[in-house]
Amino acid sequence: MKVVGLTGGIGSGKSTIAARFKQLGVHAVDADDVAREVVEPGRPALAAIAAHFGDAILLPDGALNRAALRQIVFETPEERDWLEKLLHPIIRDELLRQLWITPDRSPPAEYQHQYVLLVSPLLLETDQHNIVESVIVIDVPVEVQIARTMQRDKNDRAQVERIINAQISREERLKRADFIIDNAQPASLAIDAVDDLHYRLNSRAKT
């Protein structure tokens with residue numbers, strides 16, 4: 001089973017593109033979803049985070065206050081480094097399990113495609129890129145990233161720019177892409193690009 005990575009900067013529309021792959025029947029694992037799962041109440045990672053940052057980063061129900069934690073780590077690089085060293089290995093292990101590439105997990109017999117998809121905003125910034133055999137980059141101009149993210153998350157421009165600057169540059173991301181989908185074009189054309197790429201990936205994986 002081939003693992004294909006799908007990535008892009010914040011606000012690039014990864015979720016929309018990934019949704020189309022899922023409609024085509026592709027098994028997709030979202031690293032953001034896994035990152036939320038590993039810090040759910042009762043998980044060891046959340047206990048470690050609360051011990052380090054204090055209970056102020058917890059909501060009244062004991063869940064992680066992700067907005068408060070995000071504010072801290074993007075303003076203090078040392079704290080971001082600490083958090084990444086804690087979470088990245090935990091997230092990676094769970095990704096491998098959900099991607100059906102650990103000894104205790106394998107694709108169901110009825111799975112029809114030749115590849116699975118790892119959707120991750122930090123695919124190229126972390127060692128997650130070592131999991132995949134090829135990389136799809138969802139690309140939009142930086143100004144589009146900023147506008148979309150400000151509207152979606154209700155963050156101010158400075159906060160969005162800090163998040164973008166914490167990721168690799170658009171230019172570096174494009175250099176490392178095996179496939180690029182322009183998600184600044186009309187939605188119908190982006191969907192057509194996904195459909196074409198899906199066909200190519202299935203054909204390529206069989207060789």
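Colleague: What should be kept in mind about the model and its numbering?

Modeller: The model is predicted, so local features need pLDDT of at least 70 and side-chain atom pairs count only at pLDDT 80 or more, while totals for chains, interfaces and linings use all residues. Residues are numbered from 1 along each chain as its sequence is written, and side-chain values use heavy atoms, with hydrogens and water left out.

Colleague: What share of the contacts in the protein chain joins residues 24 or more positions apart?

Modeller: With contact meaning heavy atoms within 4.5 Å, such pairs account for 73% of the contacts with a separation of 6 or more.

Colleague: Why is Arg-173 called buried?

Modeller: Buried means under 20% relative accessible area, exposed over 50%, and partly exposed in between (1.4 Å probe, protein chains only); Arg-173 has 5%, so Arg-173 is buried. Arg-173 belongs to helix H8 (residues 170-175), and beyond the residues up to four places away in sequence, Arg-173 touches several others, including Thr-7, Gly-8, Gly-9, Leu-124 and Glu-125. The C-alpha atoms of Arg-173 and Asp-139, which are 34 residues apart along the chain, are separated by 8.9 Å. Of the 207 residues of the protein chain, 43% count as buried.

Colleague: What makes Ser-120 buried, and where in the chain is Ser-120?

Modeller: Ser-120 is at 1% relative accessibility and therefore counts as buried, and the residue lies in the loop between strand S3 (115-119) and strand S4 (134-139). Leaving aside neighbours within four places in sequence, Ser-120 is in contact with Leu-6, Thr-7, Ala-31 and Gln-128, and the side chain of Ser-120 reaches the backbone nitrogen of Leu-122 at 3.2 Å.

Colleague: What makes the pair Asn-202 and His-113 a polar contact?

Modeller: A polar contact is a pair of N or O atoms within 3.5 Å; within protein, one must be able to donate a hydrogen and the other to accept it, and residues adjacent in sequence count only if both atoms are side-chain atoms. The side chains of Asn-202 and His-113 are joined by such a contact of 3.2 Å. Asn-202 lies in helix H9 (residues 187-205) and, at 11% relative accessibility, counts as buried; apart from neighbours within four places in sequence, Asn-202 is in contact with His-113, Gln-114 and Tyr-115.

Colleague: What is the phi of Trp-100, and where is Trp-100 found?

Modeller: Phi of Trp-100 is near 70 degrees, a positive value in a residue other than glycine. Most residues other than glycine have a negative phi. Trp-100 is found in the loop between helix H5 (77-98) and S3, and Trp-100 is buried because the relative accessible area is 12%.

Definitions and conventions
Helices (H or I, at least four residues) and strands (E, at least two) are DSSP runs, numbered from the N terminus.
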